[in-house]
Amino acid sequence: MDPPDTAGHWTYLVPIIAIVVIVLRGVRTRNLRIERMWIMPTLILGGVVFSLSSQTTPRFMVLVAEVFALGMGMGVGWWRGRATIIAINPETHALTSKASPLAMALVAGVFLLRFSFRDYAIGHAADLHITPVEITDIFLLFAAGVVCAQRLEMWIRARRLLAAAQASRGL
């Protein structure tokens with residue numbers, strides 16, 4: 001008799017835990033430091049460049065899929081950034097951000113779709129004529145697009161809010 005397969009349970013537990021953490025972090029109002037918003041995108045882009053530079057040039061169809069994933073990630077990131085609530089204290093000009101319910105639902109939905117599609121793609125890699133490394137690269141570019149576009153959109157809005165608050169105060 002074979003032992004029960006417990007690895008499958010972790011496949012579903014990890015995304016659920018991640019979604020719970022994302023939602024719990026999203027309901028809190030957090031200080032927004034626009035001077036530090038470049039750090040995470042820079043680290044992610046550095047990791048993407050490092051990862052992709054250590055591989056051979058992808059096939060044309062994989063390159064198309066990577067560009068599509070990057071574009072989709074940027075679209076989702078921009079939408080997520082637009083759905084984030086940014087507020088400014090008129091006296092201190094301190095910026096705060098909080099994820100809106102729409103942003104949290106978007107993140108949870110994309111996260112679930114990503115894990116579902118990744119599991120399908122890994123399980124059917126031969127049928128899709130793609131390697132697991134190429135699948136990982138596609139999802140890496142999607143994630144990089146999400147983070148970079150979200151931060152850029154939030155930075156643009158935060159700068160506008162700060163400029164408007166400073167102008168109304170005569171600074």
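Helices (H or I, at least four residues) and strands (E, at least two) are DSSP runs, numbered from the N terminus. The model is predicted: local features need pLDDT of at least 70, side-chain atom pairs count only at pLDDT 80 or more, and totals for chains, interfaces and linings use all residues. Residues are numbered from 1 along each chain as its sequence is written, and side-chain values use heavy atoms, with hydrogens and water left out.

**Exercise 1. Describe the largest pocket: its volume, the elements that line it and the classes of its lining residues.**

Step 1. On a 1 Å grid over the protein atoms alone, a pocket is an open set of points with protein on both sides within 12 Å along at least five of seven lines, whereas a cavity is a set of points where a 1.4 Å probe fits but cannot get out; lining residues have an atom within 4 Å of a point. Grid points are joined across faces, edges and corners, and a volume is the space filled by probe spheres set on the points.

Step 2. Give the volume. The largest pocket takes up about 1,100 Å³. It is lined by 36 residues, and those closest to its centre are R25, R30, R80, Q150 and R151.

Step 3. Assign the lining to elements. At least two lining residues come from each of α1 (7-26), β1 (30-31), α2 (39-53), α3 (60-82), β3 (95-99), α4 (101-123) and α6 (132-169). Helix α6 contributes the most, nine residues.

Step 4. Sort by class. Ala, Val, Leu, Ile, Met, Phe, Trp, Tyr, Cys and Pro count as nonpolar, Asp, Glu, Lys and Arg as charged, and the others, Gly among them, as polar. The lining then holds 22 nonpolar, five polar and nine charged residues.

**Exercise 2. How many salt bridges does the structure hold, and which residues do salt bridges with shared partners join into one network?**

Step 1. Apply the cut-off. A salt bridge is a side-chain nitrogen of Lys or Arg within 4 Å of a carboxyl oxygen of Asp or Glu. The structure holds three of them.

Step 2. Take the pair E134 and R59, whose side chains meet with an N to O distance of 2.9 Å. E134 is in helix α6 and R59 in the loop between α2 and α3, so distant parts of the chain, 75 residues apart, are linked.

Step 3. Check accessibility. Buried means under 20% relative accessible area, exposed over 50%, and partly exposed in between (1.4 Å probe, protein chains only). E134 counts as buried because its relative accessibility is 13%, while R59 is partly exposed at 42%.

Step 4. Take R82 and E153, with their closest N and O atoms 3.0 Å apart. This pair also links distant parts of the chain, R82 in helix α3 and E153 in helix α6, 71 residues apart. R82 is partly exposed, with a relative accessible area of 46%; E153 is buried, with 2%.

Step 5. Take E153 and R157, whose closest N and O atoms are 2.9 Å apart. Both residues lie in helix α6, four residues apart, about one turn of the helix. Both E153 and R157 are buried. Through shared partners, the salt bridges join R82, E153 and R157 into one network.

**Exercise 3. Where does H93 lie, and is H93 buried or exposed?**

Step 1. H93 lies in the loop between β2 (84-88) and β3.

Step 2. Its phi is positive, about 60°, although H93 is not a glycine.

Step 3. H93 counts as buried because its relative accessibility is 12%.
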